[in-house]
Amino acid sequence: MNERLHSVLAQRGVSPESLAEACEVDPKTVSRWLGGRVPHRRHRFRAAQHLCVEETFLWPIPRPQGSRPDAGLGTELVGTYQNRASVPRDIWLQLLAEAREEIGVLVFSGTFFVQSNPRVAKMLSERATAGVRVRLCFGDPSGQAVVVRGREEGIGDTLAAKIRASLTYYRPLLPEPGCDVRLHDTTLYASLFRYDDDLLVNPHVWGQPASANPVLHLKRADATGWFDSYAQSFETIWAGARPWTPDEEGTAAHGQD
C-alpha cells in the first residue's frame, strides 16, 4: 500500500476519483496506485502536479543495491511554496488539528500564526488536553538577536514590539499542562513548525522578512534526513531558551502591533 499517496490525498482533500480525472485514467487505476503499483512516468508527473507535492515523495526512486543512503533527499520533501502566504490555510489547520504527539514552533514573532487563525491558542490548548506536547519558542524581545534581526530587516524596534504583541495571545496557554512557551536569543536561520512527523520549514533570506521567503513541507522518512536535522536544531535552541514570564518588564505590552 502506498501510505504516502493515501496521506496526501487525505491532507489535500482530494478523492481518488478526482485524481483519476486529473490524470485522465480510470478510477480503478488510481486504486491500484494506492495499493502500491507505480504509475507510468507521465501519470506520476500529473498526479504530483495535481497534488502539489514532489513526485519522488509519492514514488521514491529505488536506490541501487549496495549504494549508500542519500540522507532522505528527495523522499522527505512533500511540497514547496513560494512564500508563507502561499501555504493553504487548510494545511496549517489540518496539521495542527491532527497532531497526536508533538507540536513545536520556532519563530521570532510568529504574528501571522495567530492572525491567520484567531483560534490557534484554543486549538493548541485542545491538543495539549488530548496529550500532545506543545512547545512554542519566540525571539526574546529584549535579546541581542532580535536587535540584529530588526536592524537587518530595516525595521528597528518594530520586531521586538511584534513579539510582545504576539505573546499576549498565548498567555492562556501557560497554566495548561503540556504547554510551554520560551524565549530564545539566537540567530534564527529558519522558522520551524512541527506537527508530529510533518515539518514546515521557512528559511530566512538576509534582510527579508520570513513571510517573504519560501516554505518547505517535509515529512520524516528516516533518522538521517533533513527532517531530523531541523528537528535537532529546534531541540538545541529550545534547551538554551528561557521560560516566558508574562509579568516580566516590557513583555506584556498590550495594544502594540
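Student: Why does Phe-113 count as buried?

Tutor: Because its relative accessibility is 7%. Buried means under 20% relative accessible area, exposed over 50%, and partly exposed in between, using a 1.4 Å probe and protein chains only. Trp-92, at 9%, counts as buried too, while Glu-98, at 45%, counts as partly exposed. Over the chain of 257 residues, 46% are buried.

Student: What should I keep in mind about the model itself?

Tutor: It's a predicted model, so local features need pLDDT of at least 70 and side-chain atom pairs count only at pLDDT 80 or more, while totals for chains, interfaces and linings use all residues. Residues are numbered from 1 along each chain as its sequence is written, and side-chain values use heavy atoms, with hydrogens and water left out.

Student: How many helices and strands are in the chain?

Tutor: Eleven helices and eight strands. They are DSSP runs numbered from the N terminus: helices are H or I with at least four residues, strands are E with at least two.

Student: Now, which residues have the most contacts inside the largest nonpolar core?

Tutor: General idea: in soluble globular proteins, nonpolar side chains tend to be buried together. A nonpolar core is a set of buried Ala, Val, Leu, Ile, Met, Phe, Trp, Tyr and Cys residues joined through side-chain atoms within 4.5 Å. Here the largest one has 54 residues, and those with the most contacts inside it are Phe-113, Leu-124, Leu-136, Phe-138, Tyr-170, Phe-193 and Tyr-195. Helix α11 (residues 226–240) gives the largest share, five residues. Apart from this core lies another one, of 19 residues, including Cys-23 and Leu-58.

Student: What does Tyr-195 touch?

Tutor: Contact means heavy atoms within 4.5 Å. Leaving out residues up to four places away in sequence, Tyr-195 touches Trp-92, Leu-95, Leu-96, Ala-99, Glu-102, Ile-103 and Phe-113.

Student: How many aromatic pairs are there?

Tutor: Nine. Rings of Phe, Tyr and Trp (its six-membered ring) pair if their centres lie within 6.5 Å; planes under 30 degrees apart count as stacked, over 60 as edge-to-face and the rest as tilted. Trp-92 and Phe-113 are edge-to-face, 6.4 Å centre to centre with 75° between the planes. Trp-92 sits in helix α6 and Phe-113 in helix α7 (residues 111–115), so this pair links distant parts of the chain, 21 residues apart.

Student: Last one: which residues line the largest cavity?

Tutor: On a 1 Å grid over the protein atoms alone, a cavity is a set of points where a 1.4 Å probe fits but cannot get out, and lining residues have an atom within 4 Å of a point. The largest cavity is lined by Arg-89, Trp-92, Leu-93, Leu-96, Phe-113, Ser-116, Asn-117 and Val-120. Helix α6 (residues 89–98) supplies the largest share of that lining, four residues.

Note on methods. 1 Å grid on protein atoms, 1.4 Å probe; cavity = no way out; pocket = protein on both sides within 12 Å on 5 of 7 lines; lining within 4 Å.
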